[in-house]
Amino acid sequence: MAGPPPYATPLYRSWYYGFRFLCALIFLFLIAPILVIMPLSFNAEPYFTFTKGMLSLDPDAFSLRWYEDIINNQQWLHSIKNSFIVGIASTILATTLGTLAALGLSRSYLPYRAAIMGVLISPMIVPLIITAAGMYFFYSELRLTQTYTGLILAHTALGTPFVVITVTATLVGFDHSLTRAAQSLGADPVRTFFKVQMPLILPGVISGALFAFVTSFDEVVVVLFMAGFEQRTIPRQMWAGIREQISPTILAVATLLIIFSICLMTALELLRRRNERLRGLSAG
Amino acid sequence: MNDTSEPIVRFIDVQKSYDGEVLVVKNLNLDIARGEFLTMLGPSGSGKTTCLMMLAGFEPATHGEILLSGRPINNVPPYKRGIGMVFQNYALFPHMSVWENLAFPLEVRRMDKAEVKRRITRALEMVRLPEMAGRRPGQLSGGQQQRVAVARALVFDPDLVLMDEPLGALDKNLREEMQYEIKHIHESLGVSVVYVTHDQAEALTMSNRIAVFNDGIVQQLSSPDELYERPQNAFVAQFIGENNRLLGTVKEINGDSCTVEVDGSGIVQALPVNISGNGERTTLSLRPERVTINPPEGTVPNVFDGTVEELIYLGDHIRTRVNVCGHDDFIVKVPNASGHAALAEKATVKVGWATEDCRALDAS
């Protein structure tokens, strides 16, 4: 680290280090709950606290029993499967719908653009509990509560705004003469979309899809209203786990989820960078 | 193949309005011959780019008909017109290599691999970039990108290529080099080119014919030399090249000459171009290189006294600003020929010009 410049006054110096200390505290505040969970998930005892053995780093105080518990527990395995089914299906739907909406919204001649945008992103702004309650009553009329279809559609509605926003942002920098060029070269609108527009807005689409997936993956409020026992997702199972049978299995699941999230983020960021490099937008 | 005497493009009574009120293009009638290099020249907002976009199919004509090789194309979408186009900002696909960019129009047309390869190789050689096939547009200089854009617009052998201010983003030297290059490509391929620019030097260098646009109307359509030497109205005279303007009133028209009383400074013999009657206001247009300093006695009919205000040495000629007939912005280009008159600022000189070099145009 460079340190303060040589002309720094004592006051400037104390601010320089004080500021960095403050930043570190904020960072710790954000990440501490996550950091605490990870070692606790290896607890040999069925408690949510650090035992004396753990604090003295006694190997016998640590175990993988809660991880084994996940594998042996049908409910957990079922909820993990559900989370992926609902997450992936609603991500595909949200990404398709959101991308199409963003393309339409980028047309300069579209009337009432601000109003349409407002409606599309309202699920992100309206308090979730209100959306969930509204969906519950609406979907029960259509007999979609306690079905996979209903839950997937509900999560699609929640995930679409993220896709709309990220793809719209990507389209702001999109050079529309490229679509004209493609057409002048003989490509019809469909080919133009898949060969020219889509590859160029892909980073925005990927980011949007990621947000949509994560939204579905960690969503519990709508699931509480909409899902039956059959549709329990991971967050719903954790909710039940805390309320019904207090077991550190939850901590093991949480740790796995954190690792999964980090892998997902890293993979997508690498993919996005690779795509940008291919587009020739950034050097090297 | 089509009849070669038939125009490749015909605009028939074409009008265009974006808002339903203001006509951006007013009643355009224009025939473009096969193999011709036609430039649409004009200030921004004159309607030239709109005409190009209507021809390309990106803007519908509000009224009138556009024919391509005799066929009406108003209802043909841009991707079925088969017209090559070079855009102002090149519009190369940034996610494709140069090779893939050139292959794009060929693959759309489902050509077989060998033919695609042959054509791309030929096109890259034409623009002298055969070793750049694997690069991406972002790795090329502006001039190279422009060459690739030209190659891409020509690689599928269109009969007609449109160019929308393609050299606008290049620096001066490169722009001139590219002008000659595009001109040579046009000559060797025999393709028809419609070129839009606001740069008159570019238009004069490259074109067979130039259509000067202003206010949605073609002001004059003629060859570069014709346009420069015989402008048909005051706008064209002012827009093309440098021009001295003297305002006056027509006294008498008689055949190939007319007498004009220049405001407050006497009678000038001029060539009537688009004036109709006595008493009409007129703009006299004079090219700076057609004015002589201290002409020999009796050689030219128009001789006036002037004062040298400023001398700018430009090597091949000396740009001389003279106060004549109450105008202190009268420019004379004195060629740096052997034995030319040595002038000094504030010197009193005579300036003179011939009747046919002084064109009496409309007053606007």
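Predicted model: local features only at pLDDT ≥ 70, side-chain atom pairs only at ≥ 80, totals over all residues.
**Entry 1**

I looked up B:Pro272 and found B:Ala360 of β20(B) standing opposite. Strand β13 of chain B covers residues 266-272, and strand β20 of chain B covers residues 358-361. The two run parallel and are joined by 2 bridges.

**Entry 2: the barrel**

In chain B, 5 strands close into a barrel, and I noted the order as β11-β12-β13-β20-β14. The pairing in this barrel is mixed. Neighbouring strands of the sheet are turned by 55 degrees against each other on average, with direction ignored.

**Entry 3: strand β14**

Next I went to β14(B) and its partners. On one side I found β20(B), which runs antiparallel to β14(B) and is joined to it by 4 bridges. I picked out B:Ser285, whose bridge partner in β20(B) is B:Arg359. I also looked up β11 of chain B, residues 244-254, which is joined to β14(B) by 6 bridges. Those two strands run antiparallel as well. In this pairing I noted B:Thr249, which stands opposite B:Arg281 in β14(B).

Is β14 of chain B enclosed or open? I counted 5 of its 6 residues (281-286) as buried, so the strand is largely enclosed by the rest of the structure. I used the cut-off of 20 or more other C-beta atoms within 10 Å for a buried residue.

**Entry 4: chain B as a whole**

Chain B has 364 residues, and 39% of them count as buried. I listed 8 helices and 20 strands in this chain. Its C-alpha atoms fill a box of roughly 75 × 45 × 35 Å along the principal axes. I also looked at contacts in chain B with a separation of 6 or more, and residues 24 or more positions apart account for 65% of these.

**Entry 5: the side facing chain A**

How many residues of chain B are in contact with chain A? I found 22, and they meet 19 residues of chain A. Two elements of chain B, β6 (84-86) and α2 (98-108), each supply at least two residues of this side. The most comes from α2(B), with 3 residues. By class, I noted 14 nonpolar, 6 polar and 2 charged residues on the side of chain B that touches chain A.

Notes:
Residues numbered from 1 in each chain as written. Chains lettered and ligands numbered in written order. Pairing = 2+ DSSP bridges. Axes fitted to C-alpha atoms, helices over the stretch in contact; angles between N-to-C directions. Contact = placed C-beta atoms within 7 Å. Nonpolar A, V, L, I, M, F, W, Y, C, P; charged D, E, K, R; others polar. Buried ≥ 20, exposed ≤ 12 C-beta atoms within 10 Å, placed from the backbone.
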